[in-house]
Amino acid sequence: MTGTVLHVVGTRPNFVKAAPVVAALRTVGCEQVLVHTGQHYDARLSDVFFRQLGLPEPDTYLGVGSGSHAHQTADLLVALETELTARAPALTVVYGDVNSTLAAALVAAKLGIPLAHVEAGLRSFDMAMPEEVNRRLVDQLAELLFATSPEAIGHLAREGVDPGRVHFVGNPMIDTLLAHLDRLDPAAARAAHGLPERYGVVTLHRPANVDDPEAARAAARALTEAAAHLDLAVPLHPRGVTALRAAGLADAPGVHLLEPLGYLEFMSLVRGAAAVITDSGGVQEETTVLGVPCLTLRTTTERPVTVTHGTNRLVRPEELAPALHKVLVGAVSTPAEGPPLWDGKTGPRIARVLTHWLENHD
């Protein structure tokens, strides 16, 4: 096996997905480079995840930071072109659907560097979501596409992707969750934040919920009504903190606003929660495996497997409080089993495909 595998990560979900892949490739002696774009640059959303997940220090930190989609993507394109040109990897691996993922895919394609996409084939069919635009484009450019669920394979087939490029491997986020399950301590996390024994966890950051002031007010009203049924711990993502505070969420009884949390702290709270309210795709997946009822404040999801095989339900703001009440009185059942191949062995499966590809593309 020859050639270097270059991983591009930039946000919290990327780190969680990359950790098991990097670890599995390390065990087979693969030469790797880790590039952190700095799309999430707050230490509470970046540095702490590297420490807790056992990721090696990035070989390169680009420090791109935030900005509009156009500005951020342009900066990523320039910085990543310089990096990939200098490194000349045999293969570039990207994760998920953020702007760092799209920029790395475009740069790799322009430079003629083969691309692997971890978490390929997810579709919400909502082109108003920037992530939907990103994931569709990346999948058209990828040489290797790693799917987390059967419906993702169907989406790729309908889009004309060669089935020989698609590999059903399961979900690397679940590898990370299961690997750290014994370290999750709900009681300690609850005590650290002064929460009652029964509580919920909220995480909101999608543009549809926090960028528009009226949407943020609707979300804040819904959470205020929900907090009448259950105390809510709300770790504030930097993207949504200003809008949600301006909408009055900080003043709502039963709402506990928290600073951003590390992976272990956040997942400890989620594991012990009576319910989770979110707009995050990854949290939908994590609650599915933990068996925690999840109410997703969105009208679509690119992860329908969390609804059909998990604990997830899509709700509009006005539906949130009644849906939470049903959860709390036990009117919602937990499925007996989770999605196929969400078994903690996705990293090694991906590593086997990557090493086989490298051996045959010297």
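Here is a short walk through this structure, from its sheet to its cores and one of its helices.

The model is predicted, so local features need pLDDT of at least 70 and side-chain atom pairs count only at pLDDT 80 or more, while totals for chains, interfaces and linings use all residues. Residues are numbered from 1 along each chain as its sequence is written, and side-chain values use heavy atoms, leaving out hydrogens and water.

Let us start with the sheet. Seven strands line up in the order β3-β2-β1-β4-β5-β6-β7, forming an open sheet with parallel pairing; strands here are DSSP runs of E with at least two residues, helices are runs of H or I with at least four, and both are numbered from the N terminus. Two strands pair if DSSP finds at least two bridges between them. At the edges, β3 (60–61) and β7 (166–168) each pair on one side only. Strands β1 (residues 5–9) and β2 (residues 32–36) are joined by five bridges, and Leu6 has Val33 as its bridge partner in β2.

Next come the cores. A nonpolar core is a set of buried Ala, Val, Leu, Ile, Met, Phe, Trp, Tyr and Cys residues joined through side-chain atoms within 4.5 Å, where buried means under 20% relative accessible area (1.4 Å probe, protein chains only). The largest has 54 residues, and Leu144 is among those touching the most other members. Helix α1 (residues 12–27) gives this core its largest share, eight residues. Apart from it lies another core of 28 residues, including Ala323.

Ala323 also leads us to helix α15, where it is one of the buried residues. Just after α15, Gly330 takes a positive phi of about 80°.

Technical notes:
Buried means under 20% relative accessible area, exposed over 50%, partly exposed in between (1.4 Å probe, protein chains only).
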